[in-house]
Amino acid sequence: MKDSFSIEGTVTRLGDSISGDTILPSRHSFLPGPEMAEQVLSELGAEVNRRVRQRPILCAGPAFGYGTGRESPARALAAAGVKALIGGPFARMFYRNAINNGILVVEAPDVYADVEEGSYLRILLADGRIEGLARNWRFAPIPDFVLDVLRAGGLIGYARQRPELLRQGGS
């Protein structure tokens, strides 16, 4: 079911080839969410961590999230309040982990090339469009199933809304 579901806010712009271990070092993987948020991207500096925690959209270059299959980097971003990632292409495992944690991932390298730090964007999921102050961009439609997962706050929330998906066996 497509509708007017959208995400909007100010952008934190990051660089290329930021590993999952830079997003959240493995030593912080088992912290509670709020403590993970305090550590997210802190290896890039306290100012980067502060901006990420105050802004719902990250714009990142190619290979963001590469190098690990751990789910904790995506969980840390979600705990920090990140609602959407734009740019990429993103590391495949990270891409999936982000969606599973309720973070929209839009592979749109042209947006990453054009958007500046602190820009305000509105992502219109049903329209496949990103609106900026000076420009609009198009992106591939988000499948309905993925929209349902995002609306539920992630895969666990989605499964809780759909208990029939968890039933196993024939009884």
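Buried means under 20% relative accessible area, exposed means over 50%, and partly exposed is anything in between, using a 1.4 Å probe and protein chains only. With those words in hand, let's tour this structure. It is a predicted model, in which local features need pLDDT of at least 70 and side-chain atom pairs count only at pLDDT 80 or more, while totals for chains, interfaces and linings use all residues. Residues are numbered from 1 along each chain as its sequence is written, and side-chain values use heavy atoms, with hydrogens and water left out.

**Salt bridges**

- Side chains of opposite charge can pair when their charged atoms come close.
- Searching the whole structure turns up 14 salt bridges, each being a side-chain nitrogen of Lys or Arg within 4 Å of a carboxyl oxygen of Asp or Glu.
- One of them joins Arg 70 to Asp 21, with 2.5 Å between the closest N and O atoms. Arg 70 sits in the loop between strand 2 (57–60) and helix 4 (72–79), and Asp 21 is in helix 1 (residues 20–23), so this pair ties together parts that are 49 residues apart in sequence.
- Both partners are partly exposed: Arg 70 has a relative accessible area of 21%, and Asp 21 has 38%.
- Asp 127 and Arg 129 form another salt bridge, at 3.7 Å between the closest N and O atoms. Asp 127 is partly exposed at 39%, and Arg 129 is partly exposed at 22%.
- Through shared partners, salt bridges link Glu 8, Arg 122, Asp 127, Arg 129 and Glu 131 into one network.

**Helix 3, inside and out**

- Helices here are DSSP runs of H or I with at least four residues, strands are E runs of at least two, and both are numbered from the N terminus.
- Within helix 3 (residues 46–54), Glu 47 and Arg 51 are four residues apart, which is about one helical turn. Their side chains meet in a salt bridge of 4.0 Å, N to O.
- The buried residues of helix 3 are Val 48, Asn 49, Arg 51 and Val 52. They span an arc of only 165° around the axis, so they lie on the same side of helix 3; the arc is taken from the directions from the helix axis to the C-beta atoms.
- On the face turned away from that buried side are the exposed residues Ala 46 and Gln 54.
- The cover over the buried residues of helix 3 includes strand 1 (6–13), helix 2 (33–39), strand 2 and helix 4.

**Strands and their crossover**

- Strand 3 (residues 84–87) pairs with strand 4 (residues 104–107) in the parallel sense over four bridges; pairing requires at least two bridges found by DSSP.
- From strand 3 the chain passes through helix 5 (residues 92–100) to strand 4, making a right-handed β-α-β crossover. Right-handed means that, with the strands pointing away from the viewer, the path from the first strand over the helix to the second runs clockwise.

**The nonpolar core**

- The largest nonpolar core has 51 residues, and Phe 64, Leu 77, Leu 85, Ile 86 and Ile 123 touch the most other members. Such a core is a set of buried Ala, Val, Leu, Ile, Met, Phe, Trp, Tyr and Cys residues joined through side-chain atoms within 4.5 Å.
- Leaving aside neighbours within four places in sequence, Ile 123 is in contact with residues including Phe 5, Ile 57, Ile 86, Leu 104 and Phe 139, where contact means heavy atoms within 4.5 Å.
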